[in-house]
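Please keep the sequence and the coordinates at hand while going through it.

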Amino acid sequence: QVQLVESGGGLVQAGGSLRLSCAASGRTFSRYDMGWFRQAPGKGRVLVAALRGSSSSTYYAGSAQGRFIISRDNAKNTVSLQMNSLKSEDTAVYYCAADPSGSANYVYWGQGTQVTVSS
């Protein structure tokens, strides 16, 4: 069982930056693929960025490419999402998720953290 706890959300002006963090429990955290998803009001949950546990290769959605950076610290069991040049359309609840199988099947989820970008 893995527990994920997000932090770092808040209110920021357009053009600003935020850094989200996700603290994970569990001894095998370093093997898991990790992802950051977001869900805007009235919309579905979408993958924003992901990081492989095996190779540390990354994936970014088009909307995040060039502005967001996903990283992990296996020694601290944390994964972070640095978000720069924020836009009002980045407003959403952001979720951290873990995929133990490496097959894009995220089975562990955090409770979410709200990010609000004011224009």
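**Notes on the predicted model**

1. Leucine 18 faces methionine 83, a residue of strand E8. The model is predicted.

2. The hairpin made by E7 and E8 has 4 residues between the strands, and in it asparagine 77 adopts a positive phi near 55°.

3. How much of strand E8 is buried? Of the 6 residues in E8 (residues 78-83), 5 are buried, so the strand is largely enclosed by the rest of the structure.

4. The disulfide count is 1. The bond is made by cysteine 22 and cysteine 96, with 2.1 Å between their sulfur atoms. It links distant parts of the chain, since cysteine 22 lies in strand E3 and cysteine 96 in strand E9 (residues 92-99), 74 residues apart. The link of cysteine 22 and cysteine 96 is left-handed, with -75° about the S-S bond. Are the two cysteines buried or exposed? Cysteine 22 has a relative accessibility of 0% and therefore counts as buried; cysteine 96 is likewise buried, with a relative accessible area of 0%.

5. Arginine 38 deserves a separate point. This residue is placed in strand E4 (residues 33-39). Arginine 38 counts as buried because its relative accessibility is 11%, and the cut-off for buried is under 20%. Its side chain makes a polar contact with the side chain of serine 63, at 3.3 Å. Leaving aside residues up to four places away in sequence, arginine 38 touches a set of residues including Gly44, Arg45, Val46, Val48, Glu89, Asp90 and Tyr94.

6. Aspartate 90 is located in the loop between E8 and E9 and is buried, with a relative accessible area of 0%. Beyond residues up to four places away in sequence, aspartate 90 touches Arg38, Arg67, Phe68, Ser85, Val115 and Val117.

7. Valine 48 sits in strand E5 (residues 45-51) and counts as buried at 1% relative accessibility. Its contacts, not counting residues up to four places away in sequence, include Trp36, Phe37, Arg38, Tyr59, Phe68 and Tyr94. Tyrosine 59 is 11 residues from valine 48 in sequence, and the C-alpha to C-alpha separation of the two is 8.1 Å.

8. The aromatic residues come next. The structure contains 4 aromatic pairs. One of them is a stacked pair of tyrosine 32 and tyrosine 108, at 6.4 Å centre to centre with 20° between the planes. This pair links distant parts of the chain, 76 residues apart: tyrosine 32 is in the loop between E3 and E4, and tyrosine 108 is in strand E10 (residues 108-109). Tyrosine 32 is buried, with a relative accessible area of 12%, and tyrosine 108 also counts as buried, at 18% relative accessibility.

9. What kind of aromatic pair do phenylalanine 37 and tryptophan 109 form? The pair of phenylalanine 37 and tryptophan 109 is tilted, with 4.7 Å centre to centre and 55° between the planes. Phenylalanine 37 is in strand E4 and tryptophan 109 in strand E10, so the pair ties together parts 72 residues apart in sequence. Phenylalanine 37 is buried, with a relative accessible area of 9%, whereas tryptophan 109 counts as partly exposed at 33% relative accessibility. Phe37 and Trp109 form one aromatic cluster together with Tyr95 and Tyr106.

10. Finally, two arginines lie over aromatic rings. The charged end of arginine 45 is placed over the ring of tyrosine 95, at 3.7 Å from its centre. Arginine 72 lies over the face of phenylalanine 29, 4.7 Å from the ring centre.

Definitions and conventions:
Residues numbered from 1 in each chain as written. Predicted model: local features only at pLDDT ≥ 70, side-chain atom pairs only at ≥ 80, totals over all residues. Heavy atoms only, no water. Buried < 20%, exposed > 50% of the residue type's maximum accessible area, 1.4 Å probe, protein only. Helix = DSSP H or I, 4+ residues; strand = E, 2+ residues; numbered from the N terminus. Pairing = 2+ DSSP bridges. Disulfide = S-S within 2.5 Å. Polar contact = N/O pair within 3.5 Å; in protein donor to acceptor, adjacent residues only side chain to side chain. Contact = heavy atoms within 4.5 Å. Phe/Tyr/Trp six-rings, centres within 6.5 Å; stacked < 30°, edge-to-face > 60°. Lys NZ or Arg CZ within 6 Å of the ring centre and 35° of its normal.
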